[in-house]
Amino acid sequence: MKVRKFAITDASLERSPGQDGDIFAGNVIDQRHGGPITIGFGRYAPNQNLDEKLTVDDVMLVLEGKLSVTSNGSTVTAGPGEIVHMPKGETVTIRSHEQGAVTAYVTYPHWQEARE
């Protein structure tokens with residue numbers, strides 16, 4: 001694999017699997033590229049909720065807007081330039097605020113394979 005850079009315009013954003021809200025994800029690096037991690041971008045419309053039991057370790061960097069992540073009764077809120085780590089096995093609710101959010105993410109291992 002060679003050194004590359006990516007922008008959100010490089011991601012083919014699709015509705016987040018199993019969700020019916022306005023939440024979209026698009027991988028730019030994944031199992032098809034031979035590396036051990038998935039890297040991509042996410043876009044959350046305003047006031048959306050995503051409930052997920054994590055099958056991978058997930059690291060999310062907020063690029064725009066604000067997100068809150070709740071797990072086990074505890075909530076963290078992140079804005080631009082802040083990172084949230086969500087460990088494998090956690091059940092989380094990710095909530096966007098009134099301005100929505102754009103994120104970059106890294107998962108290990110590949111989230112699509114782990115969901116199958």
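Student: Which strands and which helix each supply at least two residues of the lining of the largest cavity?

Tutor: Strands 2, 3 (38-44), 4 (49-53), 5 and 8 do, and so does helix 1. Helices (H or I, at least four residues) and strands (E, at least two) are DSSP runs, numbered from the N terminus. This is a predicted model, where local features need pLDDT of at least 70 and side-chain atom pairs pLDDT 80 or more, while totals for chains, interfaces and linings use all residues. Residues count from 1 along each chain as its sequence is written, and side-chain values use heavy atoms, without hydrogens and water.

Student: Why is this space called a cavity?

Tutor: Because on a 1 Å grid over the protein atoms alone, a 1.4 Å probe fits at its points but cannot get out; lining residues have an atom within 4 Å of a point. Among the 23 lining residues, Ser 16, Tyr 44, Leu 50, Asp 58 and Trp 111 are the closest to its centre.

Student: What makes a set of residues a nonpolar core?

Tutor: Its members are buried Ala, Val, Leu, Ile, Met, Phe, Trp, Tyr and Cys residues joined through side-chain atoms within 4.5 Å, and buried means under 20% relative accessible area (1.4 Å probe, protein chains only). The largest such core here has 14 residues, and Tyr 44, Met 60, Leu 67, Val 69, Met 86 and Ile 94 touch the most other members. Strand 5 (57-71) gives the largest share, 4 residues.

Definitions and conventions: Buried means under 20% relative accessible area, exposed over 50%, partly exposed in between (1.4 Å probe, protein chains only). On a 1 Å grid over the protein atoms alone, a cavity is a set of points where a 1.4 Å probe fits but cannot get out, and a pocket is an open set with protein on both sides within 12 Å along at least five of seven lines; lining residues have an atom within 4 Å of a point.
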